[in-house]
Amino acid sequence: MNRKVLIAHRGNTDGPMPADENSPAHVEKALNSGYDVEVDVWYSNGRFYLGHEAPVHGVELKYLKSASLWCHAKNLLALKIMIENDINCFWHQTDDFTITSTGHIWTFPRKPVCDNSIIVCKTKEETVIMNEEDVMGICSDYVGLLK
């Protein structure tokens, strides 16, 4: 089994932190700790923003080009422009699976997986259990349990 990519969901590594999620400082802290990070990305008024429910934190295009970011497009224009600029991105809502722009299978929690899956885990228990599976990566608020 290859080493799994550990992806901090919105920058979280040790549990949800709603006030900090998707903020550049929170994302950078996770990146500097050696994790990849899933971020929610919007495009509005000619700019990119991070934020789960709405565009909040303005970021530059070059910021999103980090190989360690997994950019979850929150609107169509964000997806279009990220694809045009070779940014690691994807779109999903409640789909069981979606394909990322880099060809990985982004997998909804508790769905079947394969060795090319990035599985999203919602709980500590799911995170630990899925770490035993042959998956490419795990996206969770609790990836700190696995390092």
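Q: Which residues of its lining lie nearest the centre of the largest pocket?

A: The largest pocket is lined by 19 residues, and those lying nearest its centre are His 9, Arg 10, His 52, His 72 and His 92. A pocket is an open set of points on a 1 Å grid over the protein atoms alone, where a 1.4 Å probe fits and protein lies on both sides within 12 Å along at least five of seven lines, and a lining residue has an atom within 4 Å of a point. Strand S2 (36–44), strand S9 (117–121) and strand S10 (137–140) are the elements that give two or more residues to this lining; helices (H or I, at least four residues) and strands (E, at least two) are DSSP runs, numbered from the N terminus.

Q: What should I know about the model and its numbering before reading on?

A: This is a predicted model, in which local features need pLDDT of at least 70 and side-chain atom pairs count only at pLDDT 80 or more, while totals for chains, interfaces and linings use all residues. Residues are numbered from 1 along each chain as its sequence is written, and side-chain values use heavy atoms, with hydrogens and water left out.

Q: What volume does the largest pocket have, and how is its lining made up by class?

A: Its volume is about 360 Å³, where a volume is the space filled by probe spheres set on grid points that are joined across faces, edges and corners. The lining has seven nonpolar, six polar and six charged residues; Ala, Val, Leu, Ile, Met, Phe, Trp, Tyr, Cys and Pro count as nonpolar, Asp, Glu, Lys and Arg as charged, and the others, Gly among them, as polar.

Q: Which residues touch the most other members of the largest nonpolar core?

A: A nonpolar core is a set of buried Ala, Val, Leu, Ile, Met, Phe, Trp, Tyr and Cys residues joined through side-chain atoms within 4.5 Å, and buried means under 20% relative accessible area, exposed over 50%, and partly exposed in between (1.4 Å probe, protein chains only). The largest one here holds 31 residues, of which Val 41, Leu 64, Cys 71 and Met 82 touch the most other members. At least two residues of this core come from each of strand S1 (5–9), helix H1 (24–32), S2, strand S3 (47–50), helix H2 (61–64), strand S5 (69–73), helix H3 (76–84) and S9. Apart from this core lies another, of eight residues, among them Val 5, Trp 70, Phe 90 and Trp 106.

Q: Which residues is Cys 71 in contact with, if its neighbours within four places in sequence are left aside?

A: Contact means heavy atoms within 4.5 Å. With those neighbours left aside, Cys 71 is in contact with Val 39, Val 41, Leu 64, Met 82, Ile 87, Asn 88, Cys 89 and Phe 90.

Q: Which residues of H1 are buried, and which exposed residues does the face turned away from them carry?

A: An α-helix has 3.6 residues a turn, so residues three or four places apart point the same way. In H1 the buried residues are His 26, Val 27, Ala 30 and Leu 31, and they lie on the same side of H1 because they cover an arc of only 135° around the axis, the arc being that of the directions from the helix axis to the C-beta atoms. They pack against S1, S2, H2 and S5, whereas the face turned away from the buried side carries the exposed residues Ala 25, Lys 29 and Asn 32.

Q: What do the buried residues of H3 pack against?

A: The buried residues of H3, which are Ala 78, Leu 79, Ile 81 and Met 82, pack against S2, S3, H2, S5 and strand S6 (89–90).

Q: Where does phi take a positive value just after H1 and just after H3?

A: Most residues other than glycine have a negative phi. Just after H1, Gly 34 takes a positive phi of about 95°, and just after H3, Asp 86 takes one of about 55°. Phi is also positive in Asn 22, near 70°, and in Asn 45, near 50°.

Q: Are Asn 22 and Asn 45 buried or exposed?

A: Asn 22, in the loop between S1 and H1, counts as buried because its relative accessibility is 0%. Asn 45, placed in the loop between S2 and S3, counts as exposed because its relative accessibility is 75%.

Q: Where does Asp 115 lie, and which residues does it touch beyond those up to four places away in sequence?

A: Asp 115 lies in the loop between strand S8 (105–107) and S9, and at 53% relative accessibility it counts as exposed. Not counting residues up to four places away in sequence, Asp 115 touches Asp 134, Val 135 and Met 136.
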